[in-house]
Amino acid sequence: MGIVPLAKALELAQEYDLDLVEVAANARPPVCKLMDYGKFKYESAMKAREARKNQAHTVIKEMKLRPKIDPHDYDTKKGHVVRFLKQGDKVKITIMFRGREQSRPELGYRLLQRLAEDVADLGFVESNPKQDGRNMIMVLGPHKKKTEAMAEARQAQEARKADAKANPGKSQNAAESDHVEDAAGAETEAPAEASAEA
């Protein structure tokens, strides 16, 4: 529109039923814009809300272990670590030493190294094992970002919903029970044929 006196700019704003909004106050002459300011504020708030919705908050999950851990317990804890890494979260692994265990920090170090090797395909060692008083701490970071993990989870959920719509009234458990009944039916028929031959 070019350089216009303030009175003319205000007159134009009233004529078009818009607001005169100052965009750059420090410029000479100041730069203003004719716009519906209420609509502008609403749209910017909606954009900010959408950006927050897509934003992922990195959460650090913690898993505590002991140096003398049972193999089954180790597998359970490792399963939790795998789940956290798949969800895109960081995992802080803490080895807690008690009593004489404190004189053998290499046990904790070996356990942390073993865990890091077991989950190497899902995550990497972000901070190497270090002794912190009675504890030894290591942080694992996921290979994929939280947003990617959230997108994959969303896609999997949509696929399950689509599958449920395609097969209404048949849940996954119902499909498995049909399969078991068929197998049982086949087994009961076989002995009947054997007795007919005898």
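Modeller: Helices here are DSSP runs of H or I with at least four residues, strands are runs of E with at least two, and both are numbered from the N terminus. The model is predicted, so to speak of a local feature I need pLDDT of at least 70, and side-chain atom pairs count only at pLDDT 80 or more, while totals for chains, interfaces and linings use all residues. Residues are numbered from 1 along each chain as its sequence is written, and side-chain values use heavy atoms, leaving out hydrogens and water.

Colleague: What makes helix H1 and strand S2 part of the lining of the largest pocket?

Modeller: A pocket is an open set of points on a 1 Å grid over the protein atoms alone, where a 1.4 Å probe fits and protein lies on both sides within 12 Å along at least five of seven lines; a lining residue has an atom within 4 Å of a point. H1 (6-15) and S2 (31-35) each supply at least two such residues, and S2 gives the most, with 4. Of the 15 lining residues, Gly-2, Val-4, Ala-9, Pro-30 and Cys-32 lie nearest the centre.

Colleague: How do you know that S1 and S2 pair?

Modeller: Pairing takes at least two DSSP bridges, and S1 (residues 19-24) has 5 with S2, running antiparallel. A hairpin with 6 residues links the two strands.

Colleague: Why do the buried residues of H1 count as one face of the helix?

Modeller: Buried means under 20% relative accessible area and exposed over 50%, with partly exposed in between (1.4 Å probe, protein chains only). In H1, Ala-9, Leu-12 and Ala-13 are buried. Seen down the axis of H1, they fall within an arc of 100°, so they line one face; the arc is taken from the directions from the helix axis to the C-beta atoms. On the other side, Ala-7, Glu-11, Gln-14 and Glu-15 are exposed. S1 and S2 are among what covers the buried residues, where contact means heavy atoms within 4.5 Å.

Colleague: Why is strand S6 called largely enclosed?

Modeller: 7 of the 8 residues of S6 (residues 135-142) are buried, so the rest of the structure largely encloses S6. S4 (residues 90-96) pairs with S6 over 6 antiparallel bridges, including Ile-93 with Met-138. S5 (residues 123-132) is also antiparallel to S6, with 7 bridges, among them Val-125 with Leu-140. In the hairpin of S5 and S6, with 2 residues between the strands, Gly-133 takes a positive phi near 70°.
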